[in-house]
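Open the model in your viewer and keep the sequence panel beside it. The stops below follow one another as selections.

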Amino acid sequence: MASSLRFNPTSIPSLHPLPAHKSFTPIRCGPRDNRGPLVKGRILSTEAIQAIQALKRAHRNSSSTATTLTPLPSLSRLIKSDLIAALRELLRQDQCTLALHVLSTIRSEYPPPDLALYADVVAALARNRLMEEIDGLVEELGSIECDDEKALVRLIKGVIGAGRKVSTVRICGLMKENGIGSRRKVGEYVVKVLSKGLRRFGEVDLALEVEREFSELSRANLDKSRI
């Protein structure tokens, strides 16, 4: 009898049962398509978002070709910052036709052309293999104001990387026509990139001319600074 009343600790259920083992499936968050992430710190205004939506809607409903931009709505009411934000977002989405329309508005409303924006558009066009559009874009450049050599280098590299010989030669001509190098020293890297690209296209004589002319201008400017 005594043995039957003996305390058996294993007979009492645990007050804190161990949780059953569960398997978890990892969830990775990411974009739903191949678009890149938004640039950190860039917030699209309501006006920019509405402009993008209007452009997409008009583009979907239009039966025109990709090179005809007349059916697209006017964006002249937007301020420059909203236009630039809309342009960069469209480039992120590889909506190159719409981006060209926005760039056209920026060019007409806020001249002179911003080489950094042109470099961004050229990169997107090359990524989407729209090579003829690159030539058309460079052809529209009436002048080059080189206040940003990094942007100029990116533009030249983008055009060369796309294999556009005529456009590269045109940029070279615009640099000379607009006196780049005559007012201040041209960075050696700009000359190097341009010369290398011209040689790649077989324009050896023009490459030598570029190296000679811009080096002479740089020396002349250096001599003036010493006087």
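Select Asp-94, which sits in the loop between α2 (80-92) and α3. Helices here are DSSP runs of H or I with at least four residues, strands are runs of E with at least two, and both are numbered from the N terminus. The phi angle of Asp-94 is near 60°, a positive value in a residue other than glycine. Before moving on, note that this is a predicted model, in which local features need pLDDT of at least 70, side-chain atom pairs count only at pLDDT 80 or more, and totals for chains, interfaces and linings use all residues. Residues are numbered from 1 along each chain as its sequence is written, and side-chain values use heavy atoms, with hydrogens and water left out.

Next, select Pro-111 and Pro-112. The peptide bond joining them is cis, with omega about 0°. Pro-112 belongs to the loop between α3 and α4.

Rolling a probe the size of a water molecule over the atoms shows where empty space is left. The search uses a 1 Å grid over the protein atoms alone: a cavity is a set of points where a 1.4 Å probe fits but cannot get out, a pocket is an open set with protein on both sides within 12 Å along at least five of seven lines, and lining residues have an atom within 4 Å of a point. Grid points are joined across faces, edges and corners, and a volume is the space filled by probe spheres set on the points.

Two cavities of 30 Å³ or more turn up in the whole structure. The second largest cavity holds about 30 Å³, and its lining includes Pro-112, Pro-113, Tyr-110 and Leu-117. Two or more lining residues come from each of α3 (96-109) and α4; α3 has the largest share, three residues. By class, this lining has seven nonpolar, no polar and two charged residues. Ala, Val, Leu, Ile, Met, Phe, Trp, Tyr, Cys and Pro count as nonpolar, Asp, Glu, Lys and Arg as charged, and the others, Gly among them, as polar.

Now pick Ser-143, in the loop between α5 (131-139) and α6. Leaving out residues up to four places away in sequence, Ser-143 touches Pro-113 and Asn-178, where contact means heavy atoms within 4.5 Å.

Move to Asp-120 in helix α4 (residues 115-127). Which side chain does Asp-120 join through a polar contact of 2.3 Å? The partner is Arg-88. A polar contact is a pair of N or O atoms within 3.5 Å; within protein, one must be able to donate a hydrogen and the other to accept it, and residues adjacent in sequence count only if both atoms are side-chain atoms.

Finally, colour α6 (residues 149-161) and α8 (residues 188-200), whose axes come within 10 Å and cross at roughly 10°. That makes α6 roughly parallel to α8. Axes are lines fitted to C-alpha atoms, for helices over the stretch in contact, and angles run from 0 to 180 degrees between N-to-C directions. Angles under 35 degrees count as roughly parallel, over 145 as roughly antiparallel, 65 to 115 as roughly perpendicular and the rest as oblique.
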